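Subject: Structure for you to look at

Hello,

Please find the structure below, together with its sequence. My notes come after it.

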Amino acid sequence: MTTPRTGAAFAALAVTTLALSACSFSVGTGSGSAASDGAVPFDRLQDATIQLEARGSFVSPEEGGYESAGRGSGVILSADGYALTNNHVVTGAGTLDVWRGGDQSTTLSARIVASSECMDLAVVKLDATDLPYVGFHEGPIAVADEVYAAGYPLGDPTFTMTKGIVSKADTPADTPWASLDHVIEHDAKIRSGNSGGPLVDTDGRLVGVNYAGSDTNDTNLAIHRDDVQKIVEKLRAGENVLSIGINGEALVDDSGEGAGIWVNSVASGSAADETGIRPGDILTSMEGVTLGTDGTLKEYCDVLQTHGTDSALAVEVYRPDEETYLRGRVNGTPLEATTTISSSVAGVAGSTTAQTSVDTTGFTTVTDDSGVVSVDVPAEWNQVDGTQFEDDRGNRYYGVEASSDLATYQGGWGAVGASVLASDTAVRTSSPEDLLTWAGKSLPESGCTSKGRQPYSDALHTGTFEVWENCGPEKAKYMLVGAAADSGEYLVLVAVQANSADDVAAADRVVNSFAVDMT
């Protein structure tokens, strides 16, 4: 890596259909003796299985904003009306109606008690008493155990059961809408609308809660009984678990790269709601961790698990309908729009950025050789240098540079690219302003003129940024950000060279996606 001269919008995101899809709620139209502990036996399972209709405003990546009346399934757990379903079925709903046992003549009102977006579970309280309910399976769950999936697939009010066996008794699974350590894989067929419905044994006892399926791979997944029992009493008591109050799913762009967590809806009064997160937002990072890089909720849930949901969590958000980046802290500072690099050069004489629509779907994440620094860059910037280097003071820098023509980018103005450098040793002797001075020392020799320095801050850093224009015969723009981590751990320098409007807009993605992990 050479020492520097060192060298927008998500609106065009396309959601790639994954092999495994949510056993999501679907848009709908519309007896034996009790067991010794009071739970229903197998032949009365229908009486304790419910269909839920969640009505409210949602925002879809494909369809935009719409008012939904979607239906899913659930299972009653106690005679006083506490029932279990999936987070993705109910969170964000304005109203919730319930029908029991396939009987559409009597509508029960219900309220959401608490939820867990990472475990895709929610407890709702039905406005009824003396209800039949399902007990938990006791003892081990083993491969080849006979199981039955119950519920109301495809929004149909007709109760349905399918038969199968356990194919994997306990396996981890990360999906776009959950991150679970204990999942049961089985072949009792489930479809859209089965979400939240029970998976039971031959006695009608709860083995798991169905939440995902794949017709292509004939895969059906249920949240393991052990994970359900681990949190159900907390949910019943009104305690959210691994949740800030979103109904979200990880996105991938049309190149297959992770693109953050799309927020379908937000629970009113939740931590997310109070922070200003809205349906249609994309969560791009939390506590400096880029989210959804593998198209799942894993990174998001790992952050919640590590820090806890009551902590002040630094979050970065992209809002496609306004084409703005926002930063704030969940349980702390409400979201505020950030000053973007492109806005600092728009409208300047000679600028090529005015009113240009940029397709940023083709981005990829690049990382330095040590795995300390990462950043999103356009996919065509496929030449990467991630080696460490030392400055003339002996300070160690981790860094990554990317360009479609790395040699030209590092040595002249004929190719665009980006550099992100971070040092945990320079922080003791230098400042962000020192980094900008160092990086910009030779720029005037190439005809570059500075627009002056402006304050810079994001959820984790504070510093300065500077834009240079008319660099070299190409009249390139060169954008620099020098910042110190608010934790005091490191200094970081971000540089982007832009020779076109698209490059300037891409600089916003670069600056809003860089991450440094010195642990």
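Predicted model: local features only at pLDDT ≥ 70, side-chain atom pairs only at ≥ 80, totals over all residues.

Residues are numbered from 1 along each chain as its sequence is written, and side-chain values use heavy atoms, with hydrogens and water left out.

First, the strand. Helices (H or I, at least four residues) and strands (E, at least two) are DSSP runs, numbered from the N terminus. Strand β27 covers residues 417-423, and seven of its seven residues are buried, so the strand is largely enclosed by the rest of the structure. Buried means under 20% relative accessible area, exposed over 50%, and partly exposed in between, with a 1.4 Å probe and protein chains only. In a regular strand, side chains alternate between the two faces of the sheet. In β27, Gly417, Ser419, Leu421 and Ser423 point one way, and Ala418, Val420 and Ala422 point the other way.

Two strands pair if DSSP finds at least two bridges between them. Strand β26 (residues 396-403) is joined to β27 by six bridges, and the two run antiparallel; Val400 stands opposite Val420. Strand β31 (residues 491-498) also runs antiparallel to β27, with seven bridges, and Leu491 in β31 is the bridge partner of Ser423.

Next, the residue. Phe465 sits in strand β29 (residues 461-471) and counts as buried because its relative accessibility is 2%. Its C-alpha atom is 7.8 Å from that of Leu436, 29 residues apart along the chain.

Last, the cavities. A cavity is a set of points on a 1 Å grid over the protein atoms alone where a 1.4 Å probe fits but cannot get out; lining residues have an atom within 4 Å of a point. Grid points are joined across faces, edges and corners, and a volume is the space filled by probe spheres set on the points.

The largest cavity holds about 120 Å³ of space. It is lined by 20 residues, with Ser285, Gly288, Glu316, Leu460 and Phe514 nearest its centre. The largest share of this lining, three residues, comes from β19.

The second largest cavity holds about 40 Å³. Its lining includes Asn87, His88, Glu117 and Trp177, and β15 (246-252) gives the most, with three residues.

Regards

Methods: 1 Å grid on protein atoms, 1.4 Å probe; cavity = no way out; pocket = protein on both sides within 12 Å on 5 of 7 lines; lining within 4 Å.
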